[in-house]
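Below is what I looked up, in the order I looked.

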Amino acid sequence: MTTLSTKDKQVVKAFWAKVSGQGEEIGTDAVARMLRVYPQTKTYFSHWKDRSASSPDVQKHGRTVMAGVGDAVAKIDDLKGGLLNLSELHAFTLRVDPANFKILSHNLLVVMATMLPNDFTPEVHVSMDKFLAAVALALSEKYR
Amino acid sequence: MVAWTEFERATIKDIFSKIDYDVVGPAALCRCLVVYPWTQRYFGNFGNLYNAAAIMGNPLVAKHGTTILNGLERAVKDMDNIKTTYAELSVLHSEKLHVDPDNFKLLSDCLTIVVAAQFGKAFTAEVQAAFQKFLAVVVSSLGRQYH
């Protein structure tokens with residue numbers, strides 16, 4: 001289990017406070033980039049007619065994802081416990097291959113870099129990367 | 001043989017014409033050493049890499065960052081022959097430097113983020129796709145001569 005240090009948690013909470021106002025934009029942009037740059041991820045969304053950045057399905061899903069990330073920030077002291085329901089959802093219903101969590105995480109980081117280039121320093125980057133990896137691990141908890 | 005669209009060729013050349021190798025190179029390498037600290041294993045003789053501040057102020061890291069960007073430029077100048085361009089460098093990284101090729105991907109992710117930070121909104125999903133495709137070809141070519 002990725003252990004987040006006290007510093008990591010502080011950095012994540014502080015950075016999240018800065019970006020959460022633009023949460024929807026970040027989520028939507030990240031999902032759109034993921035679908036465009038890693039086309040294999042589109043396989044999970046074959047039920048959407050429109051998978052472009054402007055599609056309402058993509059935007060809604062971006063909001064959903066960011067709400068999940070925000071929830072994870074609030075539950076940063078117990079991600080496994082806090083994200084149990086989401087883990088069950090991803091394990092039994094969505095069955096998303098966990099490799100894709102890494103892909104979405106990367107795109108979230110890219111969007112954060114484009115939006116807050118001066119705040120997204122290497123130190124913030126490493127803590128956010130660790131945090132997203134911990135979230136991914138918590139989401140994979142119920143897979144097997 | 002990689003097929004490049006006109007958009008991809010233009011995008012790669014555009015990005016490289018707009019980045020300062022002395023800024024982006026060091027920034028990307030520093031970020032890699034901070035975010036993925038195990039990559040420091042290859043820079044034992046670079047002196048103080050003890051913390052982020054030390055890494056970011058280290059002149060050897062900066063110099064090497066610039067070297068890497070100049071190396072990437074070789075691929076930009078001949079996008080249809082990236083495999084051949086990097087054959088020798090691939091042997092070097094494998095036989096002499098003993099770099100685990102997984103690290104190329106880590107550095108390339110950091111470079112993507114540094115470029116994204118510089119370009120902001122102009123770094124659209126389309127541009128990101130082209131840039132990451134280019135870096136994937138570079139990474140693949142660098143790993144090709146490993147055995």
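Predicted model: local features only at pLDDT ≥ 70, side-chain atom pairs only at ≥ 80, totals over all residues.

**Chain A, the annotated span**

I began with residues 3-144 of chain A, where the end C-alpha atoms lie 21 Å apart and the span is 70% helix and 0% strand. Helices here are DSSP runs of H or I with at least four residues, strands are runs of E with at least two, and both are numbered from the N terminus. The UniProt record, an unreviewed entry, gives these residues of chain A the annotation "domain: Globin". I kept in mind that UniProt positions are given in the numbering used here, that feature names are shortened, and that annotations may be inferred rather than shown by experiment.

Residues are numbered from 1 along each chain as its sequence is written, chains are lettered from A and ligands numbered from 1 in the order in which they are written, and side-chain values use heavy atoms, with hydrogens and water left out.

I looked up A:Ser127 next and found it in helix 7 (residues 122-140) of chain A. Is A:Ser127 buried or exposed? A:Ser127 is buried, at a relative accessible area of 2%; buried means under 20%, exposed over 50% and partly exposed in between, with a 1.4 Å probe and protein chains only. Leaving aside residues up to four places away in sequence, A:Ser127 touches A:Asp8, A:Val11 and A:Val12, where a contact means heavy atoms within 4.5 Å.

Then I turned to A:Arg95, in the loop between helix 5 (84-94) and helix 6 (99-115) of chain A. Its phi is positive, about 50 degrees, although A:Arg95 is not a glycine. A:Arg95 counts as exposed, at 60% relative accessibility.

**Chain B as a whole**

How many helices does chain B have? I found eight helices and zero strands, so the radius of gyration was my next stop: at 15 Å it is close to the 15 Å that the globule rule gives for 147 residues, so chain B is as compact as a globular protein of that length. The radius is taken over C-alpha atoms, and the rule is 2.2 Å times the number of residues to the power 0.38.

The C-alpha atoms of chain B fill a box of roughly 45 × 40 × 20 Å along the principal axes. Buried residues make up 49% of the 147 residues. Of the contacts in chain B between residues at least 6 apart in sequence, 75% join residues at least 24 apart.

For chain B, the unreviewed UniProt entry places "domain: Globin" on residues 3-147. That span of chain B is 72% helix and 0% strand, with its end C-alpha atoms 26 Å apart.

**Two loops of chain B**

B:Asn45 sits in the loop between helix 2 (21-35) and helix 3 (52-57) of chain B, and counts as exposed at 64% relative accessibility. I also checked B:Asn45 against B:Arg74, 29 residues apart along the chain, and their C-alpha atoms are separated by 26 Å.

My last stop was B:His98, in the loop between helix 6 (87-96) and helix 7 (102-119) of chain B. B:His98 is a residue other than glycine with a positive phi, near 50 degrees. B:His98 is exposed, with a relative accessible area of 53%.
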